[in-house]
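Could you walk me through the surroundings of the ligand in this structure? I would like to follow them step by step.

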Amino acid sequence: MSNTYPPTEAQAKRAHADAETYAKMYSHSITDPEGFWAEEGKRLDWIKPYTKVKNSSFTPGNIDIKWFEDGTLNVSANCVDRHVETRGDQTAIIWEPDDPKDDAKHITYRELQGHVCRMANILQSLGVSKGDRVVLYLPMIPEAAYAMLACTRIGAVHSIVFAGFSPDALGARINGCDAKLVITADYAPRGGRETPLKSNADAALLHCKENVKCLVVKRTGGQTTWTDRDYDYNELVLEADDYQKPEEMNAEDPLFILYTSGSTGQPKGVVHTTGGYLVYASMTHQYTFDYHDGDVFWCTADVGWVTGHSYIVYGPLANGATTIMFEGVPTFPDAGRFWEVCAKHKVTQFYTAPTAIRALMGAGDDHVKKHDLSDLRLLGSVGEPINPEAWTWYYNVVGGGNCPIVDTFWQTETGGHMLTPLPGATTLKPGAAQTPFFGVKPVVLDPQSGEEIHGNDVEGVLCIADSWPGQMRTVWGDHERFEKTYFGDYKGYYFSGDGCKRDADGDYWVTGRVDDVINVSGHRMGTAEVESALVAHAKVAESAVVGYPHDIKGQGIYAYVTLMNGEEPSDELRKELETWVRTEIGPIAKPDLIQWAPGLPKTRSGKIMRRILRKIAEDDFGALGDTSTLADPSVVDDLIANRMNRS
Ligand code: 6R9
């Protein structure tokens, strides 16, 4: 067993929950969820207070999840207005631009209210009203937060598409939720380069209904083309009213849709609702990060991912925090950027992904040591398991041995943290997400029988036995898919898609996806999505995509490609396919390795044996297991002989 790190007395004293309080509160949250969440719900301002707290069923055929169902509230009133009364002049958002030579912006809660209201008025003037969907395709600029909150103010449902996604992916998401409006910017500067967002949006909108409007924010002032459907935010904002009454929303009204990859088919629109999500985002932000007034909280994610939703915008702002929005990347202009920004804004809690930690660890300690990180009190990790080596570097070099690391396991679907150490309460184990958050009932199931495995020192698949307020409610427009994906395999449980171990002390270690989802630099990618992009190329007959261990990215994308008859493999074609996938999905989906495969290992019924392909991609073909069920076992020898990832 590697080292463990118990909380110091000072950490325990300062924390919202020390070990004893955690145990008491956790047990209350499990034995009396109604009572526990009835109390926690009060952290928000309700227009009409709820009388019902939890109403959920995981019963097959009747998956139905409701929290605080008769309460009404408004999210922007909770994230903005109520703080204007108590802390109007406190900074709500610190915006740090891509280029460190440009000025950062500090936006107070009072200013935020004006921005949000003006944006809300613009949305209304463009015909957006309660229940309508608005797609955001924006750089990490304050207007992204204004737009999110403006949607919530008028009861519109936002769906953010990460600015790294291609026009095709954007178009599919606009159509998928039947959006009325797309909000974009001229360009997105990132790492010194600029993505032409507006022209991407134009390309996407060619495949959308003609009446979809496009609101364009000026970021760089670079040249763009203008069409009849476009509206200029910077012009409209000059005329827009700076107050807009918040719409009264039911707790179960949809708040946002966020598309995420699964093991089959196209990405699905995860739906989160208003009340439960915000209670959960707020509580997890406060407890997991031990947030106190006066702290400066920095989550380095992008608002295009769920982490940005919950821990750049909704959680921190619900708590009246100061939150940093960073437009850039960890390595621009150099590998010291994160630490420079931490020092510059006196960051107290810093939350990032293992892939970034590994990359920065590789760049050497000097980049860290140059900067004064003495305000840091807590470090966080999210997106994939963190390897103990990276954990230890993060702890010692970045945290100076004084900052607890919270390794937070959660998902787009869960709205907020599910398993995480609590600072001041948990004795930390590098690499483990360890303990359930309040209200979360993790279970380990036998993957074959679906039976619960009791006791410690066991391994299986990670499921959750009961609902928690931040849980997704449905897949947009397809409740059946929701039931099938998350409740179909193990009856009566929410299935995470991850494997896990429960160690001898009862701590959880998430071991990674057990389905056909790979985790590339903390981003989820369905192997099926990459495969369908590849086979859409005229020269490709068939393809199978698997993950393989990658030093920096965690997992890399390994694609086996069978060409059409008469096509010859070549380096040019390999490049062409890489570019093809980039334009079909986006740069994050570009295969790291492409192997030409004259044939793929298939069962007699035609199923591709991914287990074998994974082993070959991992360069671990000594243990291929039984290949006798293959229709043509000889293809395996060819794949091994020509494998790309030789150690
Ligand atoms: C928040 C987020 C979810 C998947 C999840 C799991 C992996 C996330 C993790 C982790 C081990 C952690 N994952 N955090 N695995 N330890 N601390 O990342 O959401 O993009 O939906 O990804 O990421 O495999 O199932 P999302």
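Sorted by class, the shell around the ligand holds six nonpolar, six polar and five charged residues. Keep in mind as we go that this is a predicted model. In total, 17 residues surround the ligand, and the closest are Asp-407, Thr-408, Thr-412, Asp-498 and Arg-524.

Now let's zoom in on individual atoms. In the side chain of Asp-407, an N or O atom is 2.7 Å from a nitrogen atom of the ligand. Glu-384 takes part through its backbone, where an N or O atom lies 3.5 Å from a ligand nitrogen atom. On the ligand's oxygen side of the story, a polar side-chain atom of Thr-412 lies 2.5 Å from an oxygen atom of the ligand. The protein covers 95% of the 530 Å² of accessible area that the ligand has on its own.

How does this compare with the annotation? In an unreviewed entry, UniProt lists a "binding site" that includes Glu-384, Asp-407, Thr-408, Trp-410, Thr-412, Asp-498, Arg-513 and Arg-524. Of the listed residues, Arg-513 and Arg-524 are among those in the lining of the second largest pocket.

Where does Trp-410 sit? Its place is in the loop between E20 and strand E21 (442-445). Is Trp-410 buried or exposed? Trp-410 counts as buried because its relative accessible area is 9%, and buried means under 20%.

Technical notes:
Residues are numbered from 1 along each chain as its sequence is written. This is a predicted model: local features need pLDDT of at least 70, side-chain atom pairs count only at pLDDT 80 or more; totals for chains, interfaces and linings use all residues. Side-chain values use heavy atoms; hydrogens and water are left out. A residue is near a molecule or strand if one of its heavy atoms lies within 4 Å of it. A polar contact is a pair of N or O atoms within 3.5 Å; within protein, one must be able to donate a hydrogen and the other to accept it, and residues adjacent in sequence count only if both atoms are side-chain atoms. Accessible areas come from the Shrake-Rupley method with a 1.4 Å probe; for residues, only the protein chains shown count as cover. Ala, Val, Leu, Ile, Met, Phe, Trp, Tyr, Cys and Pro count as nonpolar, Asp, Glu, Lys and Arg as charged, and the others, Gly among them, as polar. UniProt positions are given in the numbering used here, feature names are shortened, and annotations may be inferred rather than shown by experiment. On a 1 Å grid over the protein atoms alone, a cavity is a set of points where a 1.4 Å probe fits but cannot get out, and a pocket is an open set with protein on both sides within 12 Å along at least five of seven lines; lining residues have an atom within 4 Å of a point. Helices (H or I, at least four residues) and strands (E, at least two) are DSSP runs, numbered from the N terminus. Buried means under 20% relative accessible area, exposed over 50%, partly exposed in between (1.4 Å probe, protein chains only).
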